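Subject: Structure for you to look at

Hello,

Here is the structure I said I would pass on. My notes on it follow below.

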Amino acid sequence: MSRASDGGARPGKPDAPLLSLRGVRKTFGTGAGQHVVLDGIDLDVAEHQCVVLVGSSGSGKSTLLRAVDLLEEIDDGQILLDGEDVANPWVDANAVRARLALVFQQYNLFPHLRVLDNLTLAPRVVHRRPRPSAEADAHAILEKVGLTHRARAYPDQLSGGEQQRAAIARALVGGPELLLLDEVTSALDPALAGEVLDLLLALRAEGTTMLVATHEMRFARQVADEIVFLHEGRIHERGTPTQVLDHPQRDATREFLRRLG
């Protein structure tokens with residue numbers, strides 16, 4: 001189960017943020033075609049906190065999440081997990097990813113495996129867990145996300161909302177210290193999106209530490225300890241939901257919220 005839900009402080013580092021980004025910079029392309037995607041990002045996520053990233057498409061939200069999960073190599077800066085710079089090229093990336101879980105816009109479930117097998121594949125193959133033990137943990141997570149009755153179903157037999165909840169369940173099985181969520185409702189209609197948002201609200205209530213990119217402002221208002229508005233690869237504004245959504249200080253923030261209606 002997640003360390004975020006066990007109620008205990010991190011040994012030796014009770015006051016330090018679980019995740020700290022310092023001066024993170026990422027570019028794509030070279031020469032005249034170079035595009036700065038992340039331009040000096042400083043960000044902290046404390047244990048049991050939910051930080052929500054908002055901004056237009058192309059603002060850098062997804063790249064930031066992928067950088068934290070070490071799927072994108074940064075050009076400069078530090079990504080500190082419990083004080084360790086995991087962006088250091090000598091760090092074991094697989095060991096870092098074992099402490100995190102990134103859920104994408106698309107579900108990325110293995111279509112040839114039943115839901116239960118999707119959840120138990122990594123514990124059994126990577127971590128050498130016995131099948132009965134792995135399946136017991138998987139069933140507990142499926143109950144948490146309301147999918148116990150779909151354990152033996154294949155992904156194409158699930159609704160979009162069920163597939164996304166199964167993807168989140170698969171992420172939770174490893175007991176991640178930090179859950180990264182990238183626009184997980186963007187491919188769903190409003191009714192199915194509501195299923196997923198209800199699940200995330202429940203995880204938030206349990207104290208799960210989350211860094212979330214979303215376009216759902218009502219959800220952001222409900223779940224966020226801090227909202228971070230990204231614009232052109234920079235943090236333009238940050239604060240509580242009331243501060244950012246009701247009383248934005250920057251023109252770019254006001255224009256973004258105006259376009260959302």
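This is a predicted model: local features need pLDDT of at least 70, side-chain atom pairs count only at pLDDT 80 or more; totals for chains, interfaces and linings use all residues.

Residues are numbered from 1 along each chain as its sequence is written, and side-chain values use heavy atoms, with hydrogens and water left out.

The sheet

β6 and β7 (residues 178–182) run parallel and are joined by four bridges. Another bridge partner in β7 is L178, which pairs with L100. From β6, L100 and L102 point one way, A101 and V103 the other, and all are buried (under 20% relative accessible area; exposed is over 50%, partly exposed in between, with a 1.4 Å probe and protein chains only). In a regular strand the side chains alternate between the two faces of the sheet.

Both strands belong to an open sheet of six strands, in the order β6-β7-β8-β3-β9-β10, with mixed pairing (two strands pair if DSSP finds at least two bridges between them). β6 (100–103) and β10 (234–239) are at the edges with a single partner strand each, so one side of each has no neighbour in the sheet. On average, neighbouring strands of this sheet are turned by 15° against each other, direction ignored.

Helix α6

Helix α6 (residues 190–205) has 16 residues, which at 1.5 Å a residue should span 22 Å; its end C-alpha atoms are 22 Å apart, so the two agree (the expected span is 1.5 Å times one less than the number of residues). Which residues of α6 are buried? They are L192, A193, V196, L197, L199, L200, L203 and R204. These cover an arc of only 155° around the axis, so they lie on the same side of α6 (the arc is that of the directions from the helix axis to the C-beta atoms). On the other side of α6, P190, A191, D198 and A205 are exposed. The cover over the buried residues of α6 includes β3, α4 (131–144), α5 (160–173), β7, β8 and α7 (217–223), where contact means heavy atoms within 4.5 Å.

Regards

Conventions: Helices (H or I, at least four residues) and strands (E, at least two) are DSSP runs, numbered from the N terminus. Axes are lines fitted to C-alpha atoms, for helices over the stretch in contact, and angles run from 0 to 180 degrees between N-to-C directions.
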